[in-house]
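Biologist: Could you walk me through how to read a sheet and a chain contact in a model like this?

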Amino acid sequence: MSDSLPVFAAGATSAGVLASLPASYHHSEAASGGVTVIGGSRGWPRAAATAIRAGAAGVIVTAPEPEDLSPLRSGGLIVVDSIWATNPVAASAGAAFRSAASPGSRLECRVRVAVGRSLAAVLLDQLSLIRALLAPATELRILHRSEHGFVAEASAAGIAVDLSAICTDSAPQQASARLLTVDGGVHVQIPDGTTAQPALLTVTGPDGTLLAPTRYESGHRAAWRRLHHLLSTGERCTDLDDLEADIATASIYPEG
Amino acid sequence: MLNGKIGVGFVGAGPATQAIHLPTLARLTATFDVVHVSDVVASLAATVAARAGATPSTSIDALLDDPRVEVVAVCSPHQFHAAQVIAACRAGKRAVLCEKPFAASSPEATEIAAVSAETGVPIVVGAMHTFDPGWLAAVEHWDDLPATSHTIRSSVVLPPNARFEDFATEVVARPDWPMPDLDDIEVRAGVVHGGVMGLAIHDLPLVRSLLPRFDDVTVLSAHALRPFGYQIVLTAGGKLIELHAAMTATWRPEWTLEAFSDNQALRIEFSPSYVHAGSATTAIQRAGQTRTFGPVAHNGYEGEWRTIAAIVRGEQPAPDLTTLIDDLRFAIAIADEAAQIVRSTHGARAAA
């Protein structure tokens, strides 16, 4: 396979990502043989399955809503571009959070999202982030929900997790995760990927607070790079399995 | 008044008097003169009084009989507050500052209010954040946030008090602060209750001012955090409220109060307790715009003493006692229900 992959995509976000990866991707008018980028709105699994049947070597699904994934059981390489979890900070943040977690600690995962967003999808995005930072969430319990957001509790790798979502248009969307330790903590703030504004990862210990190097790269671009890497190396991708597990966990959230 | 200054007497000479109020009044020497310090421990009263050039005593009666004492600051253990505030009112002092909480129960608070009304002695509760210029700027500029906010969050991350007490002064006779045994369910419930009445109470008057009503407090979840802290989720007045605190060995304090509506966000970052590190910094965000207020050079401790001076001089009315009582009722309602949730959650898990 050549270094530059054909990509079949539409929309300003994809155009921006494509412009930032001109050696890795080039525009294509057809799905066959290349990469197809689809939005994650209702019905996306059928759209992804259609692209794979049409010959797409890989599919990127952006901001997937919780859906029945059975149309995708026949296989195909699918990379999930989740609003928070695909930020390029996720790998180093995950290492920091997992290293800091200990029995008795709690992970706070809070998101500020636009008014009117599907809160079931917001919860799914949070579960993806928790998976990236620590481990898959289990024992999810919704404490309160309204049109303004929700508060929930869960567990991940034996650590208690406090989740909350706040709907407001007062400021850009953002995720914030914090884990306090006996003498400091780990904190990451992740922007929503609309711009290349970097996530901020800080680790506080007895000697001070260390800000990890910032990466001015959106999660979309990082997802595209990862798919390119997967297609080039043939490495296994577990995105769909992980997403299906998180959808199952999120299914207790009543839509509407 | 002594040389135009207001004479102050302290009931209790512990860390709050030593590390909070004496350093604060040292910034206001043109206004106040500390004239009397009483404590049941004679040596402590003598040591702390000497620092301020004041008269020591071992009883509140001696302090109340001292005609130089115009303002009584009640900084004793919580359980003595009500009786001592009432005694100061009955003694005809010009004002009483009582550390929070100013009573242990709603009936006690009502009794204090009645005595204050009867004697005409104003009472100020030492809820320093309510006097912080950062908070006052929020109130001035938040437009319709009390009506439109739907989510409120208070989060406190602090090292043990000693770290900041030791920056504020050289504390003598510091009480022990044993680590609670959180394996004991009653201790866990006590930590949550004590956390609300001792720590969350700093911000609960602020939270309440964003609520249309508070007679419908419903605690949804409550946990004691290790080594000391709480995580409480509740609803009141139709709004969702999160209260969080963790006291760890960290050096890095973070004390925030946030409120959100569909189109506005308020974030207040308070400076830590004890030290005079300036006021809170307040940010009010609306789409595409952030307005920031502060910090200014004085914090809520200094703000409360400035307020007392203004009240004594007749420049400002006394605080509304109904507000103080309602603040206390709100805190007690949350503390009681959160502690009960901790017990019942444990019971449910034990039975499972």
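Biologist: Which residue in E8(A) is the bridge partner of Ser146(A)?

Modeller: Strands of a sheet pair through backbone hydrogen bonds, either parallel or antiparallel. Here Ser146(A) has Gly149(A) as its bridge partner in E8(A). E7(A) and E8(A) run antiparallel and are joined by seven bridges. Strands count as paired if DSSP finds at least two bridges between them; strands are DSSP runs of E with at least two residues, helices are runs of H or I with at least four, and both are numbered from the N terminus.

Modeller: Before we go on, this is a predicted model, where local features need pLDDT of at least 70, side-chain atom pairs count only at pLDDT 80 or more, and totals for chains, interfaces and linings use all residues. Residues are numbered from 1 along each chain as its sequence is written, while chains are lettered from A and ligands numbered from 1 in the order in which they are written.

Biologist: What is the strand order of the open sheet in chain A?

Modeller: The order is E7-E8-E9-E6-E10-E11-E12-E13, eight strands with mixed pairing. E7 and E13 (208–211) of chain A are the edge strands, each pairing on one side only.

Biologist: And how many residues does each chain bring to the contact?

Modeller: Chain A brings 24 residues and chain B 26, with contact meaning C-beta atoms, placed from the backbone, within 7 Å. On the side of chain A that touches chain B, E9(A) gives the most, four residues.

Biologist: What are the model's ipTM and pTM?

Modeller: Both ipTM and pTM come out at 0.94.

Notes: Two residues are in contact if their C-beta atoms, placed from the backbone, lie within 7 Å.
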